[in-house]
Amino acid sequence: MKSLRKSLPLMFKLVGGISTLLLSLGACMTSASAAEQLILQIGPLRHKIKVEDIEKFANTGELSAELKPYSFLLTPQVKDILEKSFTIDPLIAEQFLNDLFKSDDGERLLNQITAVLPNSNPEELKGALKLLLRQTSKLSVVNLLRVYPQETVTIDLSKAASLGIQLNASFLQSQLIAPQLEKALKTTNSTPIVPRFDPTAPGQETVLMETLVLNDRSRDRQIPLDIYYAKKTKGPLVVMSHGFAADRRFLRYLARHLASYGITVVSVEHPGSDINALIKTATGLKFSQILPPAEFVDRPQDISFVLTQLTTLTQQKGQFKGKFNTEQVSMIGHSFGGYTALALGGATLDLKALRRFCQENEPLGRSPADWLQCAAGELPYSERKFKDHRIKQIIVFNPIIGELFGNHLSEINIPTLMLSASEDGITPTIPHQLKPFQQLSGEKYLLVAVGATHMSVTDISNGNSAMGQNTLVREVMGIKAEPLRQVARGVSLAFIQQLTPQGPDYQGFLTGTYIESWSEKNLKFRFGTQLPSSLDTWLNVLNLGHQKPSLMPFKPDFSSLPIVNFQHYFVDARQQLLKPESSTEKLNELFTGLLHTHTGQFDRWS
């Protein structure tokens, strides 16, 4: 069980591991195994490569004479992909895969992958994966090919390349739009702010912390709470909701900061979607049970139940008398907790729109957040409302939104502050923040952290968490992300204080000028109340209005394109995409050039 706690939740790990394996084959045009040779195919062109040469490259970085023509693709980053392995519990993984393969998504996933291997079929791929899991706890490109039931493996490079570009394509879209977002939201005010006080500095109150467990008998649900409070209580009550496979301690630093200003903070843990629930069910883990659909209903109900219990508790004699202002609540949610907050804020859960999205989008095109939101599609209701009128404000950090609310986010009529991170590979910024932010019709604020990731805003101690140890999605945490946590302290306090008579004193901290002053070389901040109209063209070009989130559907083979255009795009773009140091400006240039060069084909594919 310890390995599960220290690694990416199994769903992301297995689906992502298979996806990364496939992308490696396509991007590297190679792999290594007991299969003695690979045949690389582009249209009518075929080329043989010895597997031992690839294995040597993976181990030493040396290129044989046969591999040197592919040196522009076989970068150190590709070598890392070939070397990378994912440690998993074989028994748990086999149960998970058996359940996945029985699902519609599992069948679609296998069909996508085997399309890249024209001489293979889904049964061979399933057999190889199961055999691999019985022989080793490490999932890797090399190990899979060592058990693959063919001496010669043929790889269709055009299909592999197109599939690789579709892999979590919404994350690539987010990277493409990041520099435009940074430029468009930059403030034009050059006058520096000289505040009278620092909202990121601790307040004067001594912070106390107590843990309670509330029992909701009607739902047979025990809900742990961490309560942060001071002797002198003032202002609204703050309630926190954590993300999937997390716990109530994820924003502990922020809870303590707010409590030092006399604001009581209650951090709720959601049984059924916390890290403990994942560990408890691990021995019988099924793909369909990673995130129970009922959690999309239970989570908002957890918060409403907690508020009702706290209303009673604050009226009784004892240490918590007068500590919970449950008629004036500010809610803070991270990731899946962001969904929870928005549902309680008044947005209707739209399962019809969600089911349509999940049916139309191929498995490899989904981000991790898309896999999670699609779990709600099993609920037996077309629409659900969870609005709680006690909640007066919402702060959502890296929220999972996507298609969960359809077009119903405009129903939220309370102030909402949203954080989006440009390098978030879990909840990519366009489908999960920018598009939803446009729908909000009331008072709203957008905080953009350019260079930050999904976990950057969470507590520094969570480097050992399931998400923090993610080997598939890069995370910026620890000291590198401290500027973002400082901004979170200041902007959250200023936003919450707008419900108090001190609101005007904090208004200056809800401005682009102040937020941008925290920017550093690798972590820049932008702030606004609307998305600039200059971004509309980019959002339209990136197909934001369509259900499918991929950069391009890539329905035809690359061989159907003029060879000179294929070489220009594939070679240049692939080189850039495989280099983490590549400038986003270069990616923008490539993407824009592609639109101009292949306007006819792009329109036809779309």
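Me: Which strands does helix α3 lie across?
Reply: In this predicted model, helix α3, residues 51–60, lies across β1 and β2. Its direction is at about 65° to β2.

Me: How many bridges join β1 to β2, and do they run parallel or antiparallel?
Reply: Strand β1 (residues 37–42) is joined to β2 by six bridges, and the two run antiparallel. Within this pair, I39 stands opposite K48 in β2.

Me: What is the strand order in the open sheet?
Reply: The order is β2-β1-β5, an open sheet of three strands with mixed pairing. The edge strands are β2 (45–50) and β5 (152–156), each of which pairs on one side only. From one strand to the next, the twist averages 20°.

Me: What do strands of a sheet pair through?
Reply: They pair through backbone hydrogen bonds, and the arrangement is either parallel or antiparallel.

Me: Changing topic, how many salt bridges are found in the whole structure?
Reply: The search finds 18 salt bridges. In general, side chains of opposite charge can pair when their charged atoms come close.

Me: Which residue forms a salt bridge with R526?
Reply: R526 forms one with E182, and the closest N and O atoms are 3.8 Å apart.

Me: What about R221, which residue does it form a salt bridge with?
Reply: R221 forms a salt bridge with D298, with 3.6 Å between the closest N and O atoms. Since R221 lies in strand β7 (residues 221–229) and D298 in helix α13 (residues 295–313), the pair ties together parts 77 residues apart in sequence. Both residues, R221 and D298, are buried.

Me: Which residues are linked with R221 and D298 in a network?
Reply: The network of salt bridges links D216, R219, R221, E295, D298 and D302.

Me: One more pair: where do E403 and K435 lie?
Reply: E403 is in the loop between β13 (391–397) and β14 (416–421), while K435 is in helix α17 (residues 429–439), so the pair ties together parts that are 32 residues apart in sequence. Their side chains meet in a salt bridge at 3.1 Å, N to O.

Me: What is the relative accessible area of E403?
Reply: The value for E403 is 10%, and this residue is therefore buried.

Definitions and conventions:
Residues are numbered from 1 along each chain as its sequence is written. This is a predicted model: local features need pLDDT of at least 70, side-chain atom pairs count only at pLDDT 80 or more; totals for chains, interfaces and linings use all residues. Side-chain values use heavy atoms; hydrogens and water are left out. A salt bridge is a side-chain nitrogen of Lys or Arg within 4 Å of a carboxyl oxygen of Asp or Glu. Helices (H or I, at least four residues) and strands (E, at least two) are DSSP runs, numbered from the N terminus. Buried means under 20% relative accessible area, exposed over 50%, partly exposed in between (1.4 Å probe, protein chains only). Two strands pair if DSSP finds at least two bridges between them. Axes are lines fitted to C-alpha atoms, for helices over the stretch in contact, and angles run from 0 to 180 degrees between N-to-C directions. Contact means heavy atoms within 4.5 Å.
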